[in-house]
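Hi,

Here is the structure I promised to pass on. Have a look at it first, and my notes on what turned up follow below.

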Amino acid sequence: MQTFTVKTTDINHENPDAPESVTSDKFEELYQKAISCLEEKKLWQDPNFSLNQFAEILCTNRTYLSRTLKEKGNTNFYNLLNSYRIKQVLDDFDRLEHKNFTIAFIYQKAGFAYQASFNRVFKQVTGCTATEYLQQEKYQI
């Protein structure tokens, strides 16, 4: 298992003499490590996964991680997790998993703890409910 280490001292916002490109490079490095770690370990599947846990895994703090996600990914921690969760649900739908499992099982496997959260995020991303989405012709067999 690969370990990701980024020292918070490498990202120094207090040093006015630090060139902007150095700070930007450190954010880019942390962002790439965060995305790699998230994808390799599928951390979004844990409904209790937190920003603090993620920062600890990356050996940084939540402030730097949050800022990195905002500056390099144009997102926040929860939106990032939810994007991976919805992608997993859509991938499961494409593999016709809904024919063998309930929608609840599929969204829980993706990391959503509550149906209301899943419904809200799914509709936000796709513009329709999961049931409406599955009524598309390509899912009817």
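K42 sits in the loop that links helix 1 to helix 2. Its phi is near 50 degrees, a positive value in a residue that is not glycine. Most residues other than glycine have a negative phi. K42 counts as partly exposed, because its relative accessibility is 43%. Please keep in mind that this is a predicted model.

C59 is another case of this kind: its phi is positive, about 55 degrees, and it is not a glycine either. You'll find C59 in the loop between helix 2 and helix 3. With a relative accessible area of 36%, C59 is partly exposed too.

Now for the overall picture. Of its 141 residues, 36% count as buried. Among contacts with a separation of 6 or more, 63% are between residues 24 or more positions apart. The accessible surface comes to about 8,600 Å², and 47% of that belongs to carbon and sulfur atoms.

What holds the inside together on the nonpolar side? The largest nonpolar core has 19 residues, and L38, F49, F54, L58, L65 and F77 have the most contacts inside it. Helix 1 (20-41), helix 2 (51-57), helix 3 (62-73) and helix 4 (77-94) each give two or more residues to this core. Helix 1 gives the most, with six residues. Apart from this core lies another one of 16 residues, including I86, A110, F112 and F122.

F122 brings us to helix 6, where it is buried along with F118 and V121. Seen down the helix axis, these buried residues fall within an arc of 100 degrees, so they line one face of helix 6. They pack against helix 4, helix 5 (103-109) and helix 7 (130-134). On the face turned away from the buried side, helix 6 carries the exposed residues A116 and Q124. The length of helix 6 (residues 115-126) checks out as well: its 12 residues should span 16 Å at 1.5 Å a residue, and the end C-alpha atoms are 16 Å apart. After helix 6 comes G127, with a positive phi near 90 degrees.

Last, the charged pairs. How many salt bridges does a search of the whole structure find? It finds six. One of them joins E28 and K72, with the closest N and O atoms 3.9 Å apart. E28 belongs to helix 1 and K72 to helix 3, so this pair ties together parts that are 44 residues apart in sequence. Both ends are partly exposed, E28 at 31% relative accessibility and K72 at 27%.

R67 and E71 form a salt bridge with the closest N and O atoms 2.5 Å apart, and both lie in helix 3, four residues or about one turn apart. R67 is partly exposed at 34%, as is E71 at 39%. In helix 4, K87 and D91 are also four residues apart, about one helical turn, and their side chains meet in a salt bridge at 3.0 Å, N to O. K87 is partly exposed at 48%, and D91 at 27%.

Cheers

Technical notes:
Residues are numbered from 1 along each chain as its sequence is written. This is a predicted model: local features need pLDDT of at least 70, side-chain atom pairs count only at pLDDT 80 or more; totals for chains, interfaces and linings use all residues. Side-chain values use heavy atoms; hydrogens and water are left out. A nonpolar core is a set of buried Ala, Val, Leu, Ile, Met, Phe, Trp, Tyr and Cys residues joined through side-chain atoms within 4.5 Å. Buried means under 20% relative accessible area, exposed over 50%, partly exposed in between (1.4 Å probe, protein chains only). Contact means heavy atoms within 4.5 Å. Accessible areas come from the Shrake-Rupley method with a 1.4 Å probe; for residues, only the protein chains shown count as cover. The expected span of a helix is 1.5 Å times one less than its number of residues. The arc is that of the directions from the helix axis to the C-beta atoms. A salt bridge is a side-chain nitrogen of Lys or Arg within 4 Å of a carboxyl oxygen of Asp or Glu.
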